[in-house]
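Here is a short briefing to read alongside the structure. Take a look at the fold, then follow the points below.

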Amino acid sequence: MRVRTRFVSVGSKTSQDAGLGHVGLMIRRNAVFGCILCGSPPSDPSVHKVRVRVIGTQPAVQEFVIDACDACDLAWQNPMPQASSITKYYADSSVSSGSASASVGGWGKQQESRLRYRLSFFQDVSKLVDPGFIFDFGAGNILALSTIRDEVFRGRPSLCAVESSPSALAALTESGVECYPRLDAVPESRRFELITAFSVLEHVVDPNGTLMSLSQRLERGGELWIVVPDSRQPRLSVGEFYGFEHLWHFTAESLTKILEELGLFAIVECLKDGSIVAIARRAPFPSDLHNVSRENDRVSLSSIFRRYREDRQALRERVSTRVEKFVDAARADSTQSQSFIWGVGQHTSQLFDIYPELAIASGFIDSGVRSGEVCTYRDAPLFAPADAPWSSITRVLVSSEAYSYDIHSDCREFARSDCEIILLYDREDLALPPGFSPH
């Protein structure tokens, strides 16, 4: 079966229309016709459109159109931005994945916890590679590369990366990583024993072509490690699932089919943190590595997206109530009291787009800031947890959408006993994976 993609120009939208006002670029869009996996045309009953209306955003209602193919279990944005627009977006955006962490000098426990949980799969399953080089496509910051090198392979491999964000690229280069701004800038003769693509395929216009290019750079016996969001279990971020950045929505079935189409053998697993992980290689895996089991609950994508729309609308209402509680209390505070937000970066920026009244916050706290470092975020002071003015902080809104109980514990370590801590996502919203219990 041949992988087929067809594009046609359907005009343009401004960045504000696309919800990208902070970037200021013109988005020229393309429409995608038919499924890129099976080639089913739009007239095929298995391909259907899902129009998503997002309430509570700026403007008041945003609509996203997603095409879904029940036959292939794949969904994608339609219209689709051009590759040049995507490249410009990540080059210009100060809050895109990776560059947000680089801008505050580090990363938080949330990102580390999520990475280590996912790496446990690769450590358990991959027994076949001992790389001299690790090549990370869409690296963001150095966290994934350095953790894999130091904790999985005991510091032996050298590091190479592709990253389009200039700020993240500069931070990687300063850390001694061999860096390239684009995949086609990497010398064609280079081959790698291990290539990683963590949380990046959902952001590219052509995931099939990207995977093909990556697989062609695998050394004989090399492996490709992949992480993508599971479209059956989208993350809780209020702007992430139905928004500009995630152009593709994968299931384990659709990712497996794409890899098979490219002639790769793969072991694919759904994790309980809402991600799909895969190890792909050119040669078959030994039979004793095929013991990874995964529940295969085939449900039509139309019913899945319908349920998600309902769940996310209910989530938005809960989040809105908590934001209002924080804002109302901050307005009622005396001048000696302060209300802070814990967490900066991409997710918090999305929150401000939807809830501009959060600007009432006195300042921000983030574990990615080094102690003693002087920072600002949105023209307000940004502190490392130990440096925040806890004697005057009366409440903290924890904006993180995952593992926020880790941050809750840190808050309690530093905060006064009467400090109110408001979790934007509480226990009923979070499904923590095994080993990450808040107790």
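This is a predicted model: local features need pLDDT of at least 70, side-chain atom pairs count only at pLDDT 80 or more; totals for chains, interfaces and linings use all residues.

- Strands β11 (residues 218-229) and β14 (residues 275-281) run antiparallel and are joined by six bridges.
- Both belong to an open, mixed sheet of seven strands, ordered β9-β8-β7-β10-β11-β14-β13.
- The edges are taken by β9 (178-180) and β13 (265-270); each has a single partner strand, so one side of each has no neighbour in the sheet.
- From one strand to the next, the twist averages 15°.

**A helix on the sheet**
- Helix α4 (residues 143-152) packs on this sheet, where it touches β7 (133-137), β8 (158-162), β10 (192-198) and β11.
- The direction of α4 makes about 150° with that of β7.

**The nonpolar cores**
- The largest nonpolar core has 47 residues, and Phe135 and Ile226 have the most contacts inside it.
- A second, separate core of 30 residues includes Val129, Ala144, Leu159 and Val277.

**Helix α5 and what follows**
- In helix α5 (residues 166-174), the buried residues are Ala168, Leu169 and Leu172.
- These three lie on the same side of α5, because they cover an arc of only 100° around the axis.
- Just after α5 comes Gly176, with a positive phi of about 90°.

Key: Residues are numbered from 1 along each chain as its sequence is written. Side-chain values use heavy atoms; hydrogens and water are left out. Buried means under 20% relative accessible area, exposed over 50%, partly exposed in between (1.4 Å probe, protein chains only). Helices (H or I, at least four residues) and strands (E, at least two) are DSSP runs, numbered from the N terminus. The arc is that of the directions from the helix axis to the C-beta atoms. Two strands pair if DSSP finds at least two bridges between them. Axes are lines fitted to C-alpha atoms, for helices over the stretch in contact, and angles run from 0 to 180 degrees between N-to-C directions. Contact means heavy atoms within 4.5 Å. A nonpolar core is a set of buried Ala, Val, Leu, Ile, Met, Phe, Trp, Tyr and Cys residues joined through side-chain atoms within 4.5 Å.
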